[in-house]
Amino acid sequence: MSLPRKVLVIGSGPIVIGQAAEFDYAGVQACLALRGEGVETVLVNSNPATVMTDPDVGGNVLIGPLTLPYLQRVIEEQRPDALLATLGGQTGLNLAVALDDAGILERHAIRVLGTPLTAVRAAEDRGGFRDLVTSIGEPVPESAVVERLDDGLRFMQHLGAPVVIRPAFTLGGGGGGFATTASEARQRIALGLAASPIGQVLVERSLLGWLEIEFEVVRDAADTAIAICGMENLDPMGVHTGDSIVVAPIQTLSDRLVQRLRRCALRIARALRLEGGCNVQLAVAPDGSDYRVIEVNPRVSRSSALASKATGYPIARVAALVGLGRRLDELPNPATGIGSAAFEPALDYVVVKLPRWPFDKFPAADRSLGVQMKATGEAMAIDREFGSALLKAVRSLEPRGRGWLWEDPTWDLANRPPADLAAFLTPTDTRLWRMAALLRHEWTDARGLSAATRIAPWFTERLAELAASEQALVGSPLETVKRTGFGDADIAALSGVPPAAIRRARVRAGMSPAYRRVDTCAGEFPAQTPYFYSSYAEPEVTPPSDRRSVIVVGSGPIRIGQGIEFDYCSVRAAWAIREMGLDAVVINNNPETVSTDYDACSRLYFEPLDTESVLDVIDHERALTGEPPHVVLTFGGQTAIDLARDLAYADVPIAGLTADAIEVTEDRERFAQLLERLGIDGPRGRLAADAGELRTAAIGLGLPVIVRPSWVIGGRGIAILRSSSDVAAYLATDVGWPIRVDALVQGIELDVDAITDGRDWCVPAIVEQLDPPGVHSGDSLAVLPPQRLSRELQERAAEAAGRIALALGIRGILNVQMIVDQHRVVVIEANPRASRTVPVVAKTTGRDIVAAAVRCALGASLADVGLAAGLLADGPMVGVKAPVGSLWRLPGVDSAVGPEMRSTGEVLGLADNYEVARRAAGEAAAAHQR
């Protein structure tokens with residue numbers, strides 16, 4: 001097959017629950033692979049926060065609405081001769097089918113690369129897939145495809161409850177669910193029919209309680225098919241795999257059964273004639289005696305990203321090359337450089353993925369878990385055994401007080417067992433901690449947990465072993481305890497000493513983790529992958545480096561308020577560091593992202609982003625290079641910034657920042673004092689240490705007031721109090737005292753990102769929020785350059801940001817939020833890090849501000865990075881950013897906007913004037929709203 005001249009790549013759009021950063025990772029790999037083969041790419045995506053929408057990655061990048069009319073216009077103007085649609089999530093897949101249905105592909109002679117659309121339709125159409133699977137002799141649950149509510153109800157009556165409803169062509173289980181009664185079925189089927197773009201649902205016999213298994217498969221046009229990774233959900237059928245704890249490799253099944261399931265997955269890929277990557281989901285009877293095929297995703301997916309990071313095998317890159325017609329046996333082994341890509345990775349470690357849910361932000365939400373996904377992100381951990389990997393994964397969630405030992409006081413398990421064990425262990429985001437607490441207090445054992453949850457006994461036995469290790473921890477040798485997997489903080493809590501004391505004891509004893517390589521071949525062959533995980537098991541020698549390293553601390557799992565934009569910043573920072581001739585080292589634990597692609601940096605450490613693990617990596621890097629590494633915290637969101645105090649205490653050099661500068665910006669009262677010292681206007685306000693002081697402040701300032709805790713991101717804990725009842729309601733919440741109480745300032749809110757070299761400052765652009773103050777900037781429409789402010793006011797705002805940056809002694813980037821009240825510039829807060837506005841500014845202005853900021857942080861001047869001092873001139877483009885939410889997946893959450901962020905993603909409209917840009921942003925956002 002000849003190579004195409006120009007390939008249209010369809011992205012996945014904004015981050016929504018069920019479709020997150022994994023498709024930025026897939027898109028980046030695909031575009032780089034295609035361009036590496038000399039193929040021109042045209043990338044269409046609406047998400048500005050992605051790495052793939054940078055021209056040096058996506059090629060000819062068109063930021064615009066992911067709609068059929070827009071894609072048709074792109075095709076007419078760009079004249080691509082091929083389409084790659086299987087790397088843009090369900091969005092890309094559905095649009096490819098729509099283009100084909102409209103006759104656009106045939107009219108313009110565009111061939112579809114990789115998996116043909118006939119296979120896509122066969123896999124996504126519930127009835128067609130069921131028929132295909134049964135035709136090759138593989139079992140499926142008894143089911144019926146229905147397009148009318150009455151037909152679905154009649155089939156349920158024939159089949160008997162419970163049933164599961166699965167809409168066709170949807171994402172993340174959207175619109176699906178279980179029904180145990182006729183009234184539930186009526187509601188679920190109606191919702192499913194409305195959610196399906198083709199108005200079709202599968203009403204299927206429920207396999208609730210069966211084990212859930214997934215295989216990631218890659219097949220080429222020569223019919224070579226390989227299973228990259230088998231994964232096992234700890235939670236049984238009934239919980240969406242995106243909300244389940246996932247383990248690789250498969251732990252609880254016999255090798256004979258695993259091979260049987262593997263052969264089934266390969267047969268399905270061949271029957272569908274897939275070319276590229278796909279995900280096959282299967283259910284296995286609890287006793288292992290039988291299995292059923294559930295569904296296939298005929299594209300790379302969330303699980304594909306997880307499997308890639310779990311094995312080191314770059315599925316998306318290989319799938320893109322297979323789409324060009326390359327055979328697996330002619331592609332080189334991406335890890336060893338020896339042999340071909342037609343091999344199945346071997347793992348000599350255990351991988352555990354934990355979901356990251358938004359319920360800490362929305363405590364009123366329905367926390368129950370089912371077939372419709374609710375998690376916003378995930379964290380992954382690697383270690384030699386399941387127990388230690390699980391404990392590391394818990395630390396990677398950044399639980400803020402909800403570590404492994406956490407128990408909800410309302411459970412009262414120290415005094416009495418739950419009245420109903422099964423009800424207490426209903427699937428929710430806290431079930432893992434509930435099981436651990438029950439074992440800790442000896443209210444049940446592993447067998448009892450399995451009976452109540454239908455979780456495989458092998459997993460509950462491992463949980464029981466961890467509980468027993470807790471009891472034996474005090475008095476045990478520290479090395480033994482660390483081999484079990486407990487973090488320093490948990491050991492300290494169980495021993496009654498500060499965590500720093502545990503670290504000091506480890507350092508004195510010369511006890512530190514070894515770093516082992518993820519190599520795809522279980523150490524059978526020498527590997528080149530610069531991809532490591534820590535373990536207190538058998539060590540592995542890492543080759544020394546002759547270049548000084550700079551460590552970029554990532555942002556961890558995606559959550560509302562800290563999303564893909566920080567991964568964008570981390571990746572661009574790592575690339576800039578490598579261009580400076582230094583080793584770019586990344587620490588992160590999010591399997592969905594580009595930053596955890598080992599090609600994105602010089603060395604990747606898949607680790608929790610806590611003090612213990614970050615300091616251990618710093619010590620290891622110092623040993624490799626012979627000198628202390630610089631550490632960059634400004635691109636990892638609040639996660640990285642929160643480490644500053646502990647790193648400074650350990651005398652770690654933080655690039656461009658001091659711990660005191662961070663303290664001043666994060667502590668509301670100290671920041672107010674800085675503004676007063678500089679003569680810069682801030683809001684009238686005062687500190688409140690308790691309820692009485694809050695009431696006094698509200699009376700003195702006059703309502704409405706805005707209350708802000710310190711050290712938060714995404715507006716967490718911020719509220720506007722307009723009445724005495726608002727004050728009372730706020731006091732009934734878990735208030736993080738002390739808080740700053742300010743008079744609510746009206747006017748035009750701005751985001752100003754300043755870059756400074758320690759002597760001069762530069763503001764590349766100012767972002768104007770179009771919603772009024774009181775709406776979180778992440779939830780507001782925004783435009784740059786500002787449309788309602790004079791140049792003189794913009795320059796005053798830029799000068800205020802620059803003066804603050806220089807006063808703090810910052811080198812690098814600082815985000816300042818302010819409100820222009822008529823002719824007053826009132827500074828609200830400053831963030832000593834990159835903000836979510838950085839990618840929007842970069843895409844609208846064409847300036848690589850991350851590279852400029854990281855170079856300044858490492859000692860360059862503004863002149864060295866090509867920036868003039870002051871507020872830079874406006875570029876030719878106007879950008880309008882619009883937020884996109886997916887809170888419809890979280891029943892019980894109030895979607896009304898306010899000072900606490902609620903949106904999960906964003907889109908960008910670009911044009912040479914404001915009206916057209918705003919219209920484009922509106923069209924792009926509407927394409928992803930339910």
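Biologist: What should I know before reading the values?

Modeller: The model is predicted, so local features need pLDDT of at least 70 and side-chain atom pairs count only at pLDDT 80 or more, while totals for chains, interfaces and linings use all residues. Residues are numbered from 1 along each chain as its sequence is written, and side-chain values use heavy atoms, with hydrogens and water left out.

Biologist: How do strands of a sheet pair?

Modeller: They pair through backbone hydrogen bonds, either parallel or antiparallel. Strands (E, at least two residues) and helices (H or I, at least four) are DSSP runs, numbered from the N terminus. Two strands pair if DSSP finds at least two bridges between them. Here, 5 strands form an open sheet in the order β3-β2-β1-β4-β5, with parallel pairing. Its edge strands, β3 (60-63) and β5 (111-112), each pair on one side only. Within the sheet, 3 bridges link β1 (residues 6-10) to β4 (residues 82-84), and V7 has A82 in β4 as its bridge partner.

Biologist: Which strands are antiparallel to β7?

Modeller: Strand β8 (residues 177-179) is joined to β7 by 3 bridges, with V164 opposite F178. Strand β9 (residues 201-205) is joined to β7 by 5 bridges, and there R166 has L202 as its bridge partner.

Biologist: Why is β7 largely enclosed by the rest of the structure?

Modeller: Buried means under 20% relative accessible area, exposed over 50%, and partly exposed in between (1.4 Å probe, protein chains only). Strand β7 (residues 163-167) is largely enclosed because 5 of its 5 residues are buried. V163, I165 and P167 cover one side, and V164 and R166 the other.

Biologist: Which residues touch the most other members of the largest nonpolar core?

Modeller: A nonpolar core is a set of buried Ala, Val, Leu, Ile, Met, Phe, Trp, Tyr and Cys residues joined through side-chain atoms within 4.5 Å. In the largest, of 98 residues, they are L84, Y313, I382, F635 and I755. Another core, of 74 residues, lies apart from it and includes L211, V247, L391 and W406.

Biologist: How are two packed helices described?

Modeller: By the angle between their axes and the distance between the axes. Axes are lines fitted to C-alpha atoms, for helices over the stretch in contact, and angles run from 0 to 180 degrees between N-to-C directions. The axes of α1 (residues 22-36) and α12 (residues 315-323) come within 8 Å and cross at roughly 45°. That makes α1 oblique to α12; angles under 35 degrees count as roughly parallel, over 145 as roughly antiparallel, 65 to 115 as roughly perpendicular and the rest as oblique.
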